[in-house]
Amino acid sequence: MNLERDAETILESIEWDKISLERLQQIQSQISKQINIKISEKKLEEDAQDKIYYYNASAKVFPETLQNSLGKYRKCVFAISLGSKNFAYSERIEACIKWISKNFNSCVVLVGDSVYRLTVEVRSKLKGEEALSLALKTGQDFIKERRLLFDQYSGSCQFEFKMLSEIEKRSDFQIYYEELQGLYQKNESFQRMVNSFAQTYLNRGKDVADEPISEKQKYLATSYLLEESALFASVAKEGWLVFVYPGSIKSFEEIAEGLHPEVPEPLKQIVWVSLRLKKGHNTSEDRVGE
């Protein structure tokens, strides 16, 4: 069906001279309104084309001694931190995917669903099972919304989704978690590193920034890093040693550099890749995010 042609036929068949002036004015008003809407839509589309950005990703590797020899690793973990701005926009995610697909043959996309419950508790009034339920749903929603983006690059890199909530069920996770809790209690250097992370983590939330930080929030923030570290140790134990993340997490950069040798053995073996995302315009042959 050709709507424009049908409309033209209808207009030609109307006996305009038999329509009252009042009705003609009403029709004119409706047509003018639609014309203005079309003009606005066209302008928005043109503006959007002018403002298309892409992101280029560049990497900083920890330990730094591996900066020029990362190529010997053929698989990686792409750590997804739910609630972070770097995972809220497809352009940023695609820049990471593109970089990964150029440097690795296979990648586990590790979605931080279960640990996100701690962020939910810090930033909202939800607690316990309610926070966990929302966190798990957010993880599933991320996969549903972003799967096609990953599929676009499956020709050069095989992507597989895994949830931290699945890793959490492993027996070695609990062993590593208890080990890290004990380390936090007795090792001052490690404790300072965790507390520094917790402060940065809490300052990220706008809802929290304007209010005094409670002891409960500090505990949740500390638990976040200890739990995530134990989960990463469990993944690294399986031979997935390279972790890729957009942005900088000083804690894991220090661990990868060997500054905290008391951490569980698998964590000492990780290679941490911090991606820097730089915005540009759609003039490059390698543009992403279109």
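## Cavities and the basis of the model

The largest cavity has a volume of about 50 Å³. On a 1 Å grid over the protein atoms alone, a cavity is a set of points where a 1.4 Å probe fits but cannot get out, whereas a pocket is an open set with protein on both sides within 12 Å along at least five of seven lines; lining residues have an atom within 4 Å of a point. Grid points are joined across faces, edges and corners, and a volume is the space filled by probe spheres set on the points. The lining of the largest cavity consists of Val77, Val108, Leu110, Lys162, Ile167, Arg170, Val235, Glu238 and Trp240. By class, this lining has six nonpolar, no polar and three charged residues (Ala, Val, Leu, Ile, Met, Phe, Trp, Tyr, Cys and Pro count as nonpolar, Asp, Glu, Lys and Arg as charged, and the others, Gly among them, as polar).

The model is predicted: local features need pLDDT of at least 70 and side-chain atom pairs count only at pLDDT 80 or more, while totals for chains, interfaces and linings use all residues. Residues are numbered from 1 along each chain as its sequence is written, and side-chain values use heavy atoms, with hydrogens and water left out.

## Overall composition

The protein contains 12 helices and six strands; helices (H or I, at least four residues) and strands (E, at least two) are DSSP runs, numbered from the N terminus. Of its 290 residues, 44% are buried, where buried means under 20% relative accessible area, exposed over 50% and partly exposed in between (1.4 Å probe, protein chains only). Among contacts with a separation of 6 or more, 81% join residues 24 or more positions apart; contact means heavy atoms within 4.5 Å.

## The largest pocket

The largest pocket has a volume of about 700 Å³. It is lined by 32 residues, of which Thr200, Arg204, Tyr245, Ser248 and Ile249 are the closest to its centre. Two or more lining residues come from each of β2 (75–80), α8 (188–204), α10 (215–237), β5 (242–246), α11 (250–256) and β6 (271–281). Helix α8 provides the largest share, six residues. The lining comprises 13 nonpolar, 10 polar and nine charged residues.

Helix α4 (residues 113–123) is largely enclosed by the rest of the structure, because nine of its 11 residues are buried. The buried residues are Asp113, Ser114, Val115, Tyr116, Leu118, Thr119, Val120, Glu121 and Val122.

Helices α4 and α10 pack at an angle of about 170°, with their axes 9 Å apart. Axes are lines fitted to C-alpha atoms, for helices over the stretch in contact, and angles run from 0 to 180 degrees between N-to-C directions. The two helices, α4 and α10, are therefore roughly antiparallel (angles over 145 degrees; under 35 is roughly parallel, 65 to 115 roughly perpendicular and the rest oblique). Residues of α4 that take part include Tyr116 and Leu118, and those of α10 include Tyr224 and Leu231. By class, the contact of α4 with α10 has seven nonpolar, four polar and five charged residues.

## Two buried residues

Val111 lies in strand β3 (residues 106–111) and counts as buried, at 0% relative accessibility. Beyond four places in sequence, Val111 touches Ile80, Leu82, Gly139, Phe142, Ile143, Phe161, Lys162, Met163 and Leu164. Phe142 is 31 residues from Val111 along the chain, and their C-alpha atoms are separated by 8.3 Å.

Ser81 lies in the loop between β2 and α3 (90–103). Its relative accessibility is 7%, so Ser81 counts as buried. Leaving aside neighbours within four places in sequence, Ser81 is in contact with Phe87, Tyr224 and Tyr245.
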